[in-house]
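Hello,

Here is the structure I promised to pass on. Please open it before you read my notes.

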Amino acid sequence: VIESPNPKYVVCAPFGGEFWYAGRTEKIEWASAFTTNAFVNVEYSIDNGATWLPIAMNTINDGEEDWVIPNNPSPTALVRVSDASNPAFYGVSPNLFE
């Protein structure tokens, strides 16, 4: 028996090192593999992944989400995309600089 690989999410943008400024709209982009789930959760962290704040929950898995950058700058900001039905399957961006 060959087992299917687990669903995978890769955050393509931000890729890390970007300067995303408060009030501007930026596009989060991701790729997914080995999943038929039509919905994902998109979140961000300002404390290097210790806690996560919602950007778009249970949104269509179409590979992109526009985000108006909040005014809470952090040198350890991250973006995470996860499977809406099983958040254990996710991808995280490298650090971006807000």
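First, the ground rules. This is a predicted model, in which local features need pLDDT of at least 70 and side-chain atom pairs count only at pLDDT 80 or more, while totals for chains, interfaces and linings use all residues. Residues are numbered from 1 along each chain as its sequence is written, and side-chain values use heavy atoms, with hydrogens and water left out.

The sheet

Four strands form an open sheet, in the order S4-S3-S6-S7, with antiparallel pairing. S4 and S7 (90–92) are the edge strands, and each pairs on one side only. Neighbouring strands here are turned by 15° against each other on average, direction ignored. For such angles, axes are lines fitted to C-alpha atoms, for helices over the stretch in contact, and angles run from 0 to 180 degrees between N-to-C directions. Strands are DSSP runs (E, at least two residues), numbered from the N terminus. Two strands pair if DSSP finds at least two bridges between them. In general, strands of a sheet pair through backbone hydrogen bonds, either parallel or antiparallel.

Now look at S3 (residues 39–45). Six of its seven residues are buried. Buried means under 20% relative accessible area, exposed means over 50%, and partly exposed lies in between (1.4 Å probe, protein chains only). S3 pairs with S4 (residues 53–60) over five bridges. There, Glu43 stands opposite Pro54. S3 also pairs with S6 (residues 78–83), over six bridges. Asn41 has Ser82 as its bridge partner, and Val40 has Asp83.

Glu26

Glu26 sits in strand S2 (residues 25–33). Is Glu26 buried or exposed? Glu26 is buried, with a relative accessible area of 15%. Its side chain makes a polar contact with the side chain of Arg24, at 3.4 Å. A polar contact is a pair of N or O atoms within 3.5 Å; within protein, one must be able to donate a hydrogen and the other to accept it, and residues adjacent in sequence count only if both atoms are side-chain atoms. Beyond four places in sequence, Glu26 is in contact (heavy atoms within 4.5 Å) with Trp20, Glu65, Asp66, Trp67 and Ile69.

Ala22

Ala22 lies in the loop between strand S1 (8–13) and S2. Ala22 is partly exposed, at 43% relative accessible area. Not counting residues up to four places away in sequence, Ala22 touches Ile69, Pro70 and Asn71. Ala22 and Pro73 are 51 residues apart in sequence, yet 7.7 Å apart in space, C-alpha to C-alpha.

Best wishes
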